[in-house]
Each structure stands twice: as C-alpha cells, then as structure tokens.
Amino acid sequence: MPIRIPSDLPARTTLEGENIFVMTEDRAVTQDIRPLDIVIVNLMPTKITTETQLLRVLGNSPLQVNITLLRTKEHVSKNTPLAHLDRFYKTFDEIKDSFFDGMIVTGAPVEQLEFSDVDYWKELSTIMAWASSGKVFSTLYLCWAAMAGMYYFYDIPKYDLPSKRFGIFSHDILDPTSKLFRGFDDQFWAPHSRHTGVKEEDIRKVDDLKILAVSREAGVTVVESRDHTKVFMTGHLEYDRETLDLEYKRDLAKGLPINPPKNYYFNDNADATPVVSWRAHGHLFYTNWLNYYVYQETPYGFTHQKQA
C-alpha cells in the first residue's frame, strides 16, 4: 500500500526512484484498508531531506498513510525555501481541530539551549499538549524532541555530554516482547548525533515510562509510555547513508571540534564509503509503530467520527 503525498513534493522523485510505492493526492483511494492520517512536525532546518527520510520508512509498509506536514509558526526557517513551506506545510492553527492516528516530531539543532530558550518552545508545548489531549492516538518523538517530550510530560532533565555522541551504536532490547521490536534481532544498530542525553535513573523513577532499548555507548535510546501513546527515540533509524558523513564534513569545515562518527566508515576510514548497518531495523521499527501502535490500536474511524 502507498504513502499518499502531493504530486509535486520533492521527495516523490527520490522515493519513486527507490521503488517506494507513493500515491499522489489526485489518485482515488479504492482499497478497503483504511488509510492512516499521520502528521509530521518537522523541526529540522533541512526540511526537504528530513521529509524524504521519514516518508521513505513510512512508505515501506502495507498500510496506506496520508501525510500532513506541520511547521512552527514562530520560527522562520533559513534553510528551506519559503515557497516550499507555503506549498506543502500547515501551521498548528490550520490543523488544531483535526484528529490524527499518529504524529512524529523530529529532532532539532537546539539541544544545547535550555528548553525555555528555544524560540518555538511555547508553540511546541501547545502541540504536545494538544496531541496528548486525545487529538492524536500515538506520537513518536525523535532525538531532541524525545528529550523535549520527556521533559514536558515527566519533568525529566537533559544533560550535556562530554563530547558529541556521534556514530552508529549497538543497542540491547530490554523487552523482547515489545511489539515495536517484533522481528528484530537481539541487538540492533542505530545512528546517533547529539550533544545531550537523558539518564536511565531519572526515567526509572517515572512509573508511566518503560525503557525498551539501551546502548552501552549511546545510553537510553527507546522509551515508551505504558499506554503506547508516546514513544521516545533518542536516535535516528530513519537516517540516510550519507547523513552523518555530511554532518561530519560540515563541522570540520566550520572548524568545530568533531571526531569521525564511530562504527560508520569502512575500516573506520573517514575517506571511505559509509557502511549502512541500520536500514533493515529502521524500516521494521517504523512499520511496527504504524501497525501495532497506530493501526491496530486506534479505534476505527478515530480521525473522522469525532469530527462529525
């Protein structure tokens, strides 16, 4: 089944070239399987790249997914053309009366700021509160958004790391019965790129939270609320082959202190081609979230019946 997107969204050409099944808005929906309505709150400055990454993993599923892209109104993006934002994105005021089966909130390069100092923190807090009020059935928070969500809902602080946590790290699954990890091996690899983190001991003090996956090097990676309505992922299973390479070379060009990403280049040679070791589990993770936490648990007609 396809992912349903605007016909002129730049990601379409890339995804079709990879044999990802996409359906444009002007095509009729004839399948009996009900479509899922997913809203993506894209906080990344490179919005087109992030769109493509997320649509790729969401599109590799037997479920039909209707996508709404959301941007913050209070922050002006310097890296995405205004015409792109006006054409493909909505603001919260435009969707606040709607219901969605699922929501994804991306990371953002603001992790070293205090949450209250982020210029769109108030607006993001409103969106998170709106989602948890019954407007969204399950929300997936990624990287900085995972830390922001745990702070907003559970007052869990984030901590500065001694150096950037940068590379591909091995993770242990603590609960092999979790449906998020159905079909996974006992261990999986995932990219991380962040300057801050959360502590396991803080999370374990909250009865409503359950830690599902940790890394000996990267720390806590997947946490969920016990009712499955909130999933927090501090890594990036949606990343492309080149993402960390581009970040590394960008930071080098800026003269920033940065080490090559760990476990990423062939033979740890930064001049070699990056080796993808996370793609299969990345697709499986997003498919499991869509199927077991959104499609299987959302009451039929959730996004339409309540609006009637």
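A residue is described as buried when its relative accessible area is under 20%, as exposed when that area is over 50%, and as partly exposed in between (1.4 Å probe, protein chains only). The structure is a predicted model, in which local features need pLDDT of at least 70 and side-chain atom pairs count only at pLDDT 80 or more, while totals for chains, interfaces and linings use all residues. Residues are numbered from 1 along each chain as its sequence is written, and side-chain values use heavy atoms, with hydrogens and water left out.

The chain contains ten helices and twelve strands; helices (H or I, at least four residues) and strands (E, at least two) are DSSP runs, numbered from the N terminus. Of its 308 residues, 56% count as buried. Contact means heavy atoms within 4.5 Å. Among contacts in the chain with a separation of 6 or more, 73% come from residues 24 or more positions apart.

Two residues in the loop between α8 and α9 (279-295) were examined, one of them Asn267. Asn267 is not a glycine, yet has a positive phi of about 60 degrees; it counts as exposed because its relative accessibility is 65%. Asp268 is found in the loop between α8 and α9 as well. Its phi is also positive, at about 55 degrees, although Asp268 is not a glycine. With a relative accessible area of 58%, Asp268 is exposed.

Helix α5 (residues 121-135) and helix α6 have axes that come within 11 Å and cross at roughly 70 degrees. Axes are lines fitted to C-alpha atoms, for helices over the stretch in contact, and angles run from 0 to 180 degrees between N-to-C directions. On the α5 side the contact includes Trp121, Leu124 and Met128, and on the α6 side it includes Trp144, Ala148 and Tyr151. The residues of this contact divide into nine nonpolar, three polar and no charged. Here Ala, Val, Leu, Ile, Met, Phe, Trp, Tyr, Cys and Pro count as nonpolar, Asp, Glu, Lys and Arg as charged, and the others, Gly among them, as polar.

Met150 is placed in helix α6 (residues 144-154) and counts as buried because its relative accessibility is 1%. Leaving aside neighbours within four places in sequence, Met150 is in contact with Asp155, Ile156, Val198, Ile203, Val223 and Phe232. Met150 and Glu224 are 74 residues apart in sequence and 9.8 Å apart in space, C-alpha to C-alpha. Thr234 lies in the loop between β12 (230-233) and α8 (243-253). At 2% relative accessibility, Thr234 also counts as buried.

Rings of Phe, Tyr and Trp (its six-membered ring) pair if their centres lie within 6.5 Å; planes under 30 degrees apart count as stacked, over 60 as edge-to-face and the rest as tilted. By this rule there are 21 aromatic pairs. One of them, Phe184 with Phe188, is edge-to-face, at 5.3 Å centre to centre and 85 degrees between the planes. Both Phe184 and Phe188 are buried. Ring pairs also link Phe115, Tyr120, Trp121, Trp144 and Tyr151 into a cluster.
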